[in-house]
Amino acid sequence: MKHLMIAAGILSATSAMAADTPQLTVYTYDSFVSDWGPGPKVEEAFEAQCDCDLNLVGVEDGATLLSRVRLEGANSDADLVLGLDTNLIAAAKETGLFAPSSVRAKYDLPIEWADDVFVPYDWGYFAFVHNADAPAPANFRDLADSEAKIIIQDPRSSTPGLGLLLWVKAAYGDDAPEIWAGLADNIVTVTKGWSEAYGLFLDGEADMVLSYTTSPAYHLIAEQDDSKAAAAFDEGHYMQVEVAAKLAGTDQPELSDQFLQFMVSDTFQQIIPTTNWMYPAVVPSTGLPDGFDALITPEKSLLFSADEAASVRDEALTEWLGALSQ
């Protein structure tokens with residue numbers, strides 16, 4: 001009986017300690033929380049300094065994050081959302097569900113950053129990745145005229161998919177429907193998210209996949225494999241800046257701010273290049289890993305402002321749907 005009483009006391013104390021440990025729930029995309037993504041290292045590093053439980057929840061791809069938070073509204077289980085981008089900021093703010101941040105940082109971004117709600121954590125350029133020994137198109141018109149088979153992501157669920165729509169729109173304006181009509185025959189399939197699309201490409205299901213100029217760095221650094229390359233398009237490449245923000249309804253506002261500040265720290269930013277395979281928003285003291293210097297550098301950067309992206313999004317989506325339904 002004495003041993004049972006001691007055991008019961010230990011269990012009671014353990015339960016009390018667990019109850020006193022605050023939990024921070026972050027909605028993000030699936031690849032972020034994967035075994036090879038930033039999630040495991042980010043969780044370990046943040047919990048080492050926060051005395052909390054960091055609960056990273058994978059919610060398919062970036063655009064799906066906003067849909068889920070909008071559906072859950074003020075009753076969302078999330079304290080933070082990590083994985084939206086500049087193309088979704090205006091729509092996110094319209095929900096009224098996000099709160100200003102107290103984060104201050106000296107960003108290493110190609111653009112000025114002044115948003116007081118959304119905090120950038122990485123950035124990159126969209127590109128079509130292909131086998132390095134295969135010929136690559138020089139622009140979208142060349143791609144449409146080629147026999148290359150491509151895999152892209154759905155813009156309604158995926159931030160790369162939406163980025164592609166805006167890339168074509170930024171490069172071609174009113175001629176975007178013509179570009180999509182030409183590309184329709186090249187598209188093998190449209191996936192819900194990036195992970196599925198890239199996996200199909202690696203399995204040989206297509207000649208090219210919509211990804212990032214930084215994607216070949218993974219193969220170079222993690223696999224010592226130089227067989228993948230990103231095609232350089234002469235009309236420019238569309239930029240993506242990924243962001244995070246806290247929800248106004250969080251019951252952990254101080255812990256949320258602590259995480260957002262941690263996100264722009266050296267510790268977090270050192271994790272990004274070789275797990276999320278993007279450029280860090282704040283270059284860490286160690287610099288970029290070897291291999292990043294071998295990546296293509298777009299001669300022209302394309303990017304709509306948050307408001308511009310919101311204003312052309314529906315038109316671009318209609319053009320895309322129209323071309324693929326023919």
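**View 1. Burial of Thr64 in the predicted model.** In this predicted model, Thr64 has a relative accessible area of 16%. Thr64 is therefore classed as buried, the limit for that class being under 20%. The residue belongs to helix H4, which comprises residues 62-72.

**View 2. Surroundings of the Thr64 side chain.** From its place in helix H4, Thr64 extends its side chain to the backbone oxygen of Ser157, at 3.1 Å. When residues up to four places away in sequence are not counted, Thr64 touches Val59 and Ser157.

**View 3. Helix H3 and its buried side.** Helix H3 is formed by 12 residues, 39-50. From its first C-alpha to its last it reaches 16 Å, close to the 16 Å expected at 1.5 Å a residue. Its buried residues are Gly39, Val42, Ala45, Phe46 and Cys50. They lie on the same side of H3 because they cover an arc of only 140 degrees around the axis. In an α-helix there are 3.6 residues a turn, so residues three or four places apart point the same way.

**View 4. Cover over the buried residues of H3.** Both strands and helices contribute to this cover, including strand S1 (23-28) and strand S2 (53-58). Helix H2 (30-33), helix H11 (253-263) and helix H12 (266-271) are also among the covering elements.

**View 5. The opposite face of H3 and the residue that follows the helix.** Glu44 and Ala48 are exposed residues on the face of H3 turned away from its buried side. Just after H3, Asp51 adopts a positive phi of about 55 degrees.

Terms used:
Residues numbered from 1 in each chain as written. Predicted model: local features only at pLDDT ≥ 70, side-chain atom pairs only at ≥ 80, totals over all residues. Heavy atoms only, no water. Helix = DSSP H or I, 4+ residues; strand = E, 2+ residues; numbered from the N terminus. Expected span 1.5 Å × (residues − 1). Buried < 20%, exposed > 50% of the residue type's maximum accessible area, 1.4 Å probe, protein only. Arc of directions from axis to C-beta. Contact = heavy atoms within 4.5 Å. Polar contact = N/O pair within 3.5 Å; in protein donor to acceptor, adjacent residues only side chain to side chain.
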